[in-house]
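Okay, thanks for coming, everyone. Let me put the structure up and talk you through a few bits of it.

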Protein chains: 2
Amino acid sequence: MTIPSAFTEKIRNDYFELLKFETVGADPMKLRDCLDCAMWIKQWLAPMGFTSELMQAPDRLGTPPIVFATRPGTPGALTILFYGHYDVQPADPLDQWQTPPFEPTLKADGRVYCRGSQDDKGQWFSCLCGVRKFLAKRAGAGSVPTLKIVLEGQEESGSGALAALAPTIRGKLRADVMLVSDTGAAADLRPAIVAGLRGVSHFTVRLEAADHDLHSGEFGGIAPNPAQGMAELLASLHNPNGSIAVKGFCDGIEEPTEEERNAAESAAMSDARYEEEIGCPPVGGEEGLTITERNSFRPTIEINGIHTGYGGPGSKTVIPANALAKLSMRLVPGQHPDTAMACVARHLERHTPRGMKLFIEDLSGEAAGFRLPLASPVFRLATYVLEDMDPRGPVFQWDGASIPVVSVLKEASGATPLLVGWGQPQDRIHSPNESYGLDQFVKSMTWGEKILGALCD
Amino acid sequence: MTIPSAFTEKIRNDYFELLKFETVGADPMKLRDCLDCAMWIKQWLAPMGFTSELMQAPDRLGTPPIVFATRPGTPGALTILFYGHYDVQPADPLDQWQTPPFEPTLKADGRVYCRGSQDDKGQWFSCLCGVRKFLAKRAGAGSVPTLKIVLEGQEESGSGALAALAPTIRGKLRADVMLVSDTGAAADLRPAIVAGLRGVSHFTVRLEAADHDLHSGEFGGIAPNPAQGMAELLASLHNPNGSIAVKGFCDGIEEPTEEERNAAESAAMSDARYEEEIGCPPVGGEEGLTITERNSFRPTIEINGIHTGYGGPGSKTVIPANALAKLSMRLVPGQHPDTAMACVARHLERHTPRGMKLFIEDLSGEAAGFRLPLASPVFRLATYVLEDMDPRGPVFQWDGASIPVVSVLKEASGATPLLVGWGQPQDRIHSPNESYGLDQFVKSMTWGEKILGALCD
């Protein structure tokens, strides 16, 4: 293994120090680790000219702080906002790790194994190493943008504090472009620009009928059955062809342009590759549309779980008293989360089976979807930089997934999001033995250095 | 409290001894108690002229034995088979018992509190006390029927051993009339004859799609969702009016006669009483039919449980890899359990959503439903006896529930079932503080004595 020269010993030492903090943001027992890590980041940023503060939403005391750092730029230059998160997923199942999860280990395959080595410490740290290089080169000569950095500690558990804080500090967050280092590259590390994300919203549906579980013989044909009622209620959300049957839900959806559609289709995996990846035919969603249309440009209403009555071994002849379902929606531009939810709530109310009471609860995580115009100056600059880094140039991706905090920051800062990341499937983020390749690290550094240059000149 | 004279000290002592055996047949730790109880029953029956053996199905060793006892009768007399069970429900929750669950306690309200005081030790023991009285009176004078007694130890956990054994000992079981002491009387202890029971069958339905749970953003609109698929599949089993949509399922159903319908309706509780009892409007089953029709004379396909995906606090944006549902059917005369199941299986196969694999598993507990002709001689005799006991005379009931072992014994013995019991809602069977009133005990004794006389003369 040859260690790339850009991955200096200093960078390596800092990176490994950062990784050793056990920043499981969702675990209250790890709050100390999160505070220590935030302090470490503050100190790491100081020599680069950043002034940092650790922030908390007023009603979220006792949660990991948000590192907010600023560095003034040349008067008249753009303001760039960086977003990343220093919290990580829990390490379990611990017995499946080949090296200790918080002991960064550079193996002969050129990859650093550690929880957070990629998601997201590795991604933003490498990008900021590039920023440092850019700043060092410009020291005393040439213009530099005003830089703002937001590194939060709750992304893996919902970004609650940042979502609460952002609308209250719009002035602080205001920026022209928002660089996000938390996404993937295309196959073989070909650069990718995320040109759109779907929005999201979660909620719980409950049906109640009898005030206790009933004997299915004694009361079968008499008592309404919420298990059956829930099946009917949830089935009513879709038409037989897989399209969404909720009145008004799809009203106003912005269709992709021909250019977006072509770009998305040209970057799409084949149906066969999807089938291999998921282990069944990729026939979800509306019939007659391509996978890319269904995933990137159409909303979904997914049932994430149903729980009612008996589920153990053998049988129990019961009519359950109630039924619970967890649902989430993915939203596309033109849909407002509140309006979409109102349509679904009205549909559920109208379709509530006889004799049952409906409850819609735990509405949370609401974020709108967005798509950015391909012809925007920011995308043109990014394309220029990425073509310079890789002759294949970037692909554009419209992720079916959501990064709710990006929608929140976009809204609060007024900035155009530029999501370029260097993740690869073999990084196994969220799983045991997470890793980040030094080649990815260096790509991310180069990207951070070059995009700042391009945005300044 | 006046203790009825028929409830002698000898009867009381024997009854309490029987109740003290902790015969939780489903609990392997209580096998010794079940064996001891079976031996006790054998010894208790001996002075009445019964020859008893403890039987086990060949493949069910290590389960509670079946007490099989016979007593030869006058040549040419009828053969009467008694059925009851000496096993009881588990006693938990223990902390809700006001007296120890296996310490029979006669309270000032004239009720004996103990697990099994009614279900079913109390019911068959009191009836057999009546039989003893009958035999004592006829000693040396008058004809007596040939008597056969089956007391099993697994009724509360499915009657597995008896169901396996019965078809192999048809000759031993052969009888003309089968007396079953395991049902309830009508309101205010008015006598009731169960003239029909629904059959039953249980099974599990599974749907599989992806080989692992998927991210609902990344794969929403791509991967088929078994939670949604299960909802659609189960919803397809019924029509919007609540009738069963499975082709062929209801073919050949025997409609009740006008007489049966009138008898059933005249004994029915009001809708308002049902609503009070279950805590929601009694609007299950097919629209436009009365509660009695829906519960007594129509089959059901009930969903006893659905479990798939996430169900905990908050949200988890997952497309589950699979979904599981537990179902049971209640069957009426004219439906064969195998044919009904074949129709349901074909329906489920035809409606399996795209991209998913269907599995139908754990088919068990199959028993056909039956209805006995109201004009049968056995019912006429029983009515005569019960009118003699209570001027109101008996009501006829067609229970929506099932006693699978009755179907099994009916089939193996060729006997006409005569189900008369003296249970009341306040007995709280299966619950803490189960009890049986001395008035019920004496009614049951009288019934046992008088019906034998009527069947003999």
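This is a predicted model: local features need pLDDT of at least 70, side-chain atom pairs count only at pLDDT 80 or more; totals for chains, interfaces and linings use all residues.

Let's start with the overall arrangement. As a reminder, two copies of a chain are related by a rotation about an axis and a shift along it. Here, chain A goes onto chain B with a rotation of 180° and 0.1 Å of shift along the axis, and the RMSD is 0.2 Å. So the two copies are related as by a two-fold rotation axis. If you want to find that axis on the screen, go to A:Ala231: in chain A, its C-alpha is the nearest to the axis, at 1.9 Å.

What about the interface? Of the interface residues of chain A, 100% are interface residues in chain B too, so the copies meet through the same surface.

Next, helix packing, and I'll take chain A to begin with. Helix 1 and helix 3 of chain A, the latter being residues 121-138, have axes 11 Å apart and pack at about 150°. That angle is over the 145 degree cut-off, so helix 1 and helix 3 of chain A are roughly antiparallel. Their crossing in chain A is right-handed. On the helix 1 side the contact uses A:Ile11, A:Tyr15, A:Leu18 and A:Leu19, and on the helix 3 side A:Lys121, A:Phe125 and A:Cys129.

Over in chain B, the axes of helix 1 (residues 9-20) and helix 3 come within 11 Å and cross at roughly 150°. Helix 1 of chain B passes helix 3 of chain B in a right-handed crossing.

While we're in chain B, have a look at helix 13, residues 438-456. Its 19 residues should span 27 Å at 1.5 Å a residue, and the end C-alpha atoms are 27 Å apart, so that agrees. Helix 13 of chain B is also mostly covered, with 14 of its 19 residues buried.

Last stop, A:Gly25. Where does A:Gly25 sit? It's in the loop between helix 1 (9-20) and helix 2 (31-45) of chain A. And is A:Gly25 buried or exposed? There are 27 C-beta neighbours inside 10 Å, so A:Gly25 counts as buried. Leaving out residues up to four places away in sequence, A:Gly25 touches several others, including A:Cys34, A:Pro64, A:Asp87 and A:Gly153. For a sense of distance, A:Ala164 is 139 residues from A:Gly25 in sequence, and their C-alpha atoms are 16 Å apart in space.

That's it from me, thanks.

Terms used. Residues are numbered from 1 along each chain as its sequence is written. Chains are lettered from A and ligands numbered from 1 in the order in which they are written. Copies are superposed by least squares on the C-alpha atoms of residues with pLDDT of at least 70 in both. Two residues are in contact if their C-beta atoms, placed from the backbone, lie within 7 Å. Helices (H or I, at least four residues) and strands (E, at least two) are DSSP runs, numbered from the N terminus. The expected span of a helix is 1.5 Å times one less than its number of residues. A residue is buried if 20 or more other C-beta atoms lie within 10 Å of its own, exposed if 12 or fewer, and partly exposed in between; C-beta atoms are placed from the backbone. Axes are lines fitted to C-alpha atoms, for helices over the stretch in contact, and angles run from 0 to 180 degrees between N-to-C directions. A crossing is left-handed if the near helix is turned anticlockwise from the far one by less than a right angle, and right-handed if clockwise. Angles under 35 degrees count as roughly parallel, over 145 as roughly antiparallel, 65 to 115 as roughly perpendicular and the rest as oblique.
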